[in-house]
Amino acid sequence: MISEELQELLLHYCEPENDLLKHIDRETHLKVLMPRMISGHYQGRVLSLLSKLISPKRILEIGTFTGYATLCLAEGLTDEGIIYTLDVNAELEDMVRSNFAKSHLEHKIKYLIGDAQHSLQNLNAETFDLVFIDADKKNNGTYYDLVFDQVRPGGLIIVDNVLWSGKIVKKAQDKDTQNIHLFNDKVNKDQRVEKLILPVRDGLFVIRKK
């Protein structure tokens, strides 16, 4: 969505990646299908800063992938804070657990493998300060509805890929683009929230519960 030159400028003026995040990015690109799904340096710093701004006690992430965004979000947790991260891909579990084990934040991470909707049923007693949704796009609206009542007033819901490689702007007619368009409209009409889309990488919908 942005030029290579602008991307380089943005990276120059943001905080650097630590060595573990560099390792995860490199390993993901070498070993994992569809490595572009990783949040990466700039988006990772955006997620980290948003987390630090609200100092969450509880974070929920739906869609772990290789754990890059998980660690970025966890940087903002309070001392007693926990991030629950949910993913269905058991094939990546060993890699992800190895990545988390290298971090000083490992004790704050609860990594749950299985269907996200089922995992959420086991977390229904939690109240979340921040939710990051980055999973199967057709279920964005489902996840949004499932977690909404568990987000505290003033809490954030952040949803990734809402510009869908520019297809939303171009009004593409494929099913995935239509699903994302419907979700974006759903949030736009929701009077319970304040919202804006940040044109970061593939689009971050930042939603604040009133």
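Biologist: Leaving aside its neighbours within four places in sequence, which residues is Leu123 in contact with?

Modeller: Leu60, Tyr84, Leu86, Leu112, Phe128 and Gln150; contact means heavy atoms within 4.5 Å. This is a predicted model, in which local features need pLDDT of at least 70, side-chain atom pairs count only at pLDDT 80 or more, and totals for chains, interfaces and linings use all residues. Residues are numbered from 1 along each chain as its sequence is written, and side-chain values use heavy atoms, with hydrogens and water left out.

Biologist: Why is Leu123 called buried?

Modeller: Its relative accessible area is 7%. Buried means under 20%, exposed over 50% and partly exposed in between, with a 1.4 Å probe and protein chains only, so Leu123 counts as buried. Leu123 sits in the loop between helix H6 (116-121) and strand E4 (128-133). Helices (H or I, at least four residues) and strands (E, at least two) are DSSP runs, numbered from the N terminus.

Biologist: How do you know that the span of helix H9 agrees with its number of residues?

Modeller: The expected span is 1.5 Å times one less than the number of residues. For the 14 residues of H9 (175-188) that gives 20 Å, and the end C-alpha atoms are 20 Å apart, so the two agree.

Biologist: What makes the buried residues of H9 line one face?

Modeller: The buried residues are Thr177, Ile180, Phe183, Asn184 and Val187. Seen down the axis they fall within an arc of 125°, so they line one face of H9; the arc is that of the directions from the helix axis to the C-beta atoms. In general, an α-helix has 3.6 residues a turn, so residues three or four places apart point the same way. The face of H9 turned away from the buried side carries exposed Lys175 and Leu182.

Biologist: Why is Lys175 called exposed?

Modeller: Lys175 has 64% relative accessibility, so it counts as exposed.

Biologist: What covers the buried residues of H9?

Modeller: Among the covering elements are helix H7 (140-148), strand E5 (151-160), helix H8 (167-170), strand E6 (193-198) and strand E7 (204-209).

Biologist: Why are H7 and H9 called roughly parallel to each other?

Modeller: Their packing angle is about 30°, and their axes are 9 Å apart. Axes are lines fitted to C-alpha atoms, for helices over the stretch in contact, and angles run from 0 to 180 degrees between N-to-C directions. Under 35 degrees counts as roughly parallel, over 145 as roughly antiparallel, 65 to 115 as roughly perpendicular and the rest as oblique; H7 and H9 are therefore roughly parallel. Asn140, Gly141, Tyr144 and Asp145 of H7 make the contact with Phe183, Lys186 and Val187 of H9.

Biologist: What makes the buried residues of H2 lie on the same side?

Modeller: Leu20, Leu21, Ile24, Glu27 and Thr28 of H2 are buried. They cover an arc of only 130° around the axis, so they are on the same side of H2. Asp19 and Leu30 are exposed on the other side of H2.

Biologist: What makes the link between the side chains of Asn161 and Asp202 a polar contact?

Modeller: A polar contact is a pair of N or O atoms within 3.5 Å; within protein, one must be able to donate a hydrogen and the other to accept it, and residues adjacent in sequence count only if both atoms are side-chain atoms. The side chains of Asn161 and Asp202 make such a contact at 2.9 Å. Asn161 lies in the loop between E5 and H8 and has 13% relative accessibility, so it counts as buried.

Biologist: Is Phe65 buried or exposed, and is Met34 buried or exposed?

Modeller: Phe65 is at 13% relative accessibility, so it counts as buried. Met34 is at 56%, so it is exposed. Phe65 has a positive phi of about 55°, and phi of Met34 is near 55°. Most residues other than glycine have a negative phi. Phe65 is in the loop between strand E1 (58-62) and helix H4 (68-74), and Met34 is in the loop between helix H2 (19-31) and helix H3 (40-54).
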